[in-house]
Number of protein chains: 2
Amino acid sequence: MVDQDRVDRMRASLRHAKLDALVLRLPENIVMGFGVWPMNGFSYTVFTADDGPVALIAPSCEDEEMGGCWADVRFFTWPRLAMSDPLEAIRNLIGEVARHHKLARARIGYEGSFECVAPSHNAGEVIVPCESSNAFLKSLIPSARWFDATTLLHELRAVKTEQEIARLRLAQRVAGFGLEKFHESVVPGMTEAEIATMVYTACLAQGVRLRQARHVNVYPQVSAGANAERAWRPIVTTGSRRLREGDVALLELGACVDGFWADVTRVKAAGKATSLQRDVFAAVKAAQRTATAAIAPGVEARVPHEAATAVLVKAGFEKYMVHLTGHGLGFSYHEPEPFLMPGNTMKLKVGHVCSVEPGLYGPAFGGIRLEDNVAVTADGVEVLTKTAKTI
Amino acid sequence: MVDQDRVDRMRASLRHAKLDALVLRLPENIVMGFGVWPMNGFSYTVFTADDGPVALIAPSCEDEEMGGCWADVRFFTWPRLAMSDPLEAIRNLIGEVARHHKLARARIGYEGSFECVAPSHNAGEVIVPCESSNAFLKSLIPSARWFDATTLLHELRAVKTEQEIARLRLAQRVAGFGLEKFHESVVPGMTEAEIATMVYTACLAQGVRLRQARHVNVYPQVSAGANAERAWRPIVTTGSRRLREGDVALLELGACVDGFWADVTRVKAAGKATSLQRDVFAAVKAAQRTATAAIAPGVEARVPHEAATAVLVKAGFEKYMVHLTGHGLGFSYHEPEPFLMPGNTMKLKVGHVCSVEPGLYGPAFGGIRLEDNVAVTADGVEVLTKTAKTI
């Protein structure tokens with residue numbers, strides 16, 4: 001089903017940038033433009049600024065995943081022992097599209113500078129644009145003028161449509177299965193790895209049973225005790241540490257359902273939390289609530305961060321603050337905007353989706369962060385993450 | 001601990017290519033050159049062709065992971081709210097290294113064309129070279145001459161050292177936990193997702209307890225029945241299908257331990273296999289055994305494929321063959337060489353590591369593939385995958 005809102009925005013954005021077309025191949029950008037999520041990264045799409053049809057060129061093994069796509073989908077045979085040369089097939093198909101849309105002298109945008117890339121379902125192997133593939137791409141329409149459209153794509157991605165937010169709610173449901181299981185599984189004697197596997201199991205086994213979920217990927221990381229104190233690192237790491245009474249466990253969970261991401265965090269004490277842990281938890285929870293309440297269209301993105309900071313400072317925990325309060329997300333685990341951070345005067349818009357994740361890290365209590373994802377709405381904010389928070 | 005064999009090979013390769021240095025940032029290449037595995041993709045290394053020290057520049061949050069590295073490790077503060085500009089820190093550090101090694105007019109290789117990239121431990125978000133980052137890199141030593149070293153790096157990677165093969169054995173041990181669990185868990189009534197989660201759980205929970213394993217990533221995909229018939233696709237997909245008596249389940253398993261990969265496959269029938277399934281399984285197993293026995297230094301890479309094919313043809317199953325017999329692997333899930341495929345006259349060398357994975361796919365029996373990983377040794381071949389094979 002076509003997301004007309006998305007198509008209209010993309011066309012307007014292209015016209016504003018004086019581009020005639022975009023050629024996209026990263027699954028995270030194709031799922032935005034076309035609603036379908038390529039599995040291997042060898043698909044190419046041509047999206048034109050005019051109102052003609054747009055084309056998607058995919059390997060034949062992804063026929064199921066491309067089902068229901070509104071674009072003009074062409075397949076090349078791949079991968080078979082007797083396959084034709086896929087590059088030759090792509091060359092022929094793009095050439096045909098270029099002739100049909102008169103792109104010979106067009107101004108075309110491409111994905112030149114995606115340095116942070118979301119894995120497709122085939123997460124063990126990520127296919128990305130590189131110098132040789134960009135040169136190949138440009139050789140397909142050699143008389144065209146090519147422009148790096150990375151910034152334009154990030155601007156488009158930052159503001160989600162209604163349909164996209166509906167798909168983000170599905171990713172949140174899948175992540176929610178893991179958050180609930182996490183709360184049950186944090187008890188003395190469990191290891192970080194055991195908890196991580198229980199979260200993974202809950203998300204995957206329950207997630208793939210949801211009617212609208214085709215492909216589910218789960219990225220849990222659990223750190224406990226002294227390890228959790230280091231959970232401000234960009235990647236929490238799961239080890240073999242066994243929880244003792246009073247250890248705080250922190251779950252950092254990424255979940256991806258057909259290209260739509262959730263990025264959530266919960267903490268839980270094994271057994272009885274200490275008085276300090278409860279105080280820190282209460283402050284973080286209050287900071288998150290206050291930051292979330294500050295989110296609305298027209299508000300500068302620094303404001304929710306400042307609101308969270310004020311709560312943590314007032315509680316006396318300023319020195320345990322390490323990181324900013326939020327980042328964009330949705331078509332990938334993290335997206336550049338909106339960053340809820342000091343000095344960011346960008347105004348929040350309806351459709352912005354971001355994390356709200358205050359956290360405190362200290363040797364006396366471990367790492368305590370709460371992370372929800374929210375969408376900016378006409379009358380304020382929708383909290384997409386529904387799971388309760390207790391320590 | 002320095003892998004002197006690897007260092008010597010890299011220096012010889014640089015001198016042969018008339019390069020003075022390599023600048024590497026992909027974790028899969030850094031783990032080859034330096035033995036340590038960056039977690040986030042924001043590390044840079046400078047490896048010089050002369051005998052001076054080499055430098056590794058890493059974010060401060062990865063101090064643990066860089067522990068024991070033999071290189072001159074420098075850290076930049078990252079990520080903290082109060083952090084300095086990381087690009088500025090990288091610029092200063094690389095500038096210092098360039099002055100020390102007199103690289104101002106050097107010929108320097110870089111990772112220009114890695115189109116297939118291995119995720120680091122932070123698998124939900126992959127950091128890769130792109131046009132803007134390559135431009136940044138070149139601006140650090142603007143008077144140097146920069147050369148795309150992708151082919152040189154793949155050639156270096158294809159032949160593993162003794163130390164690297166030891167680390168691949170550890171990845172195989174972790175994968176083996178999953179293969180054993182798979183054999184237990186394929187029974188009527190189980191779903192694909194339930195089996196996948198049991199494999200994940202076995203690999204992760206047992207893997208992180210191994211003394212030498214610091215970070216473990218597991219990528220299982222399970223397909224059953226009619227879904228398994230499509231398991232020749234580059235990515236098998238786990239769904240919610242419930243196994244019925246006689247369904248064959250196929251496990252495609254990638255496992256990564258601190259940057260070293262295993263890529264293995266097993267199949268198992270739920271309940272009693274049909275007579276046809278047993279015949280197909282026996283043919284695939286014989287084809288794998290025959291292909292493996294054909295592997296030795298000096299043998300052309302087409303030969304093991306032809307040996308497997310001859311077995312499958314003789315058994316009457318030629319029309320169910322879809323894919324080639326093997327590919328390189330080790331620093332990533334798949335590597336280009338050695339490809340065991342028709343027409344490949346490249347000669348196998350001691351230290352080559354590849355998969356041996358004949359498979360047959362048909363509506364009457366499902367998908368039946370067996371995949372082991374092997375290393376070419378002076379007197380033939382070492383099968384790295386130890387788990388038994390039964391249907």
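Modeller: Contact here means heavy atoms within 4.5 Å. The model under discussion is predicted.

Biologist: With which residues is A:I295 in contact, leaving aside its neighbours within four places in sequence?

Modeller: The partners of A:I295 beyond those neighbours are A:P304, A:L340, A:L348, A:V356, A:V374, A:V376, A:G380 and A:V381. A:I295 itself sits in the loop of chain A between α9 (275–293) and α10 (302–314).

Biologist: Is A:I295 buried or exposed?

Modeller: The threshold to apply is that a buried residue has under 20% relative accessible area. A:I295 has 2%, so it is buried. As for its place relative to A:D51, 244 residues away along the chain, the two C-alpha atoms are 36 Å apart.

Biologist: Which residues touch the most other members of the largest nonpolar core?

Modeller: The general idea is that nonpolar side chains tend to be buried together in soluble globular proteins. In this model the largest nonpolar core has 86 residues, and those touching the most other members are A:L22, A:F34, A:L56, B:L22, B:F34 and B:L56. A second, separate core holds 66 residues, among them A:A213, A:V216, A:V264 and B:L170. Returning to A:F34, its contacts outside four places in sequence include A:V46, A:F47, A:V54, A:L56 and A:W70.

Biologist: How many helices and strands does chain A have, and why is it called as compact as a globular protein of its length?

Modeller: Chain A has 10 helices and 18 strands. Its radius of gyration is 22 Å, close to the 21 Å that the globule rule gives for 391 residues, so chain A is as compact as a globular protein of that length. Along the principal axes, its C-alpha atoms fill a box of roughly 70 × 50 × 35 Å.

Biologist: What share of the residues in chain A is buried, and what share of its accessible surface belongs to carbon and sulfur atoms?

Modeller: Buried residues account for 64% of the 391 in chain A. The accessible surface is about 13,700 Å², with 54% belonging to carbon and sulfur atoms. Chain A also carries 43 positive and 44 negative side chains, and the centres of these two sets are 3 Å apart.

Notes:
Residues numbered from 1 in each chain as written. Chains lettered and ligands numbered in written order. Predicted model: local features only at pLDDT ≥ 70, side-chain atom pairs only at ≥ 80, totals over all residues. Heavy atoms only, no water. Core = buried A, V, L, I, M, F, W, Y, C linked by side-chain atoms within 4.5 Å. Buried < 20%, exposed > 50% of the residue type's maximum accessible area, 1.4 Å probe, protein only. Helix = DSSP H or I, 4+ residues; strand = E, 2+ residues; numbered from the N terminus. Rg over C-alpha atoms; globule rule 2.2 N^0.38 Å. Areas by Shrake-Rupley, 256 points an atom, 1.4 Å probe, with all protein chains shown as cover. Lys, Arg positive; Asp, Glu negative; His and termini not counted. Charge placed at Lys NZ, Arg CZ, Asp CG, Glu CD.
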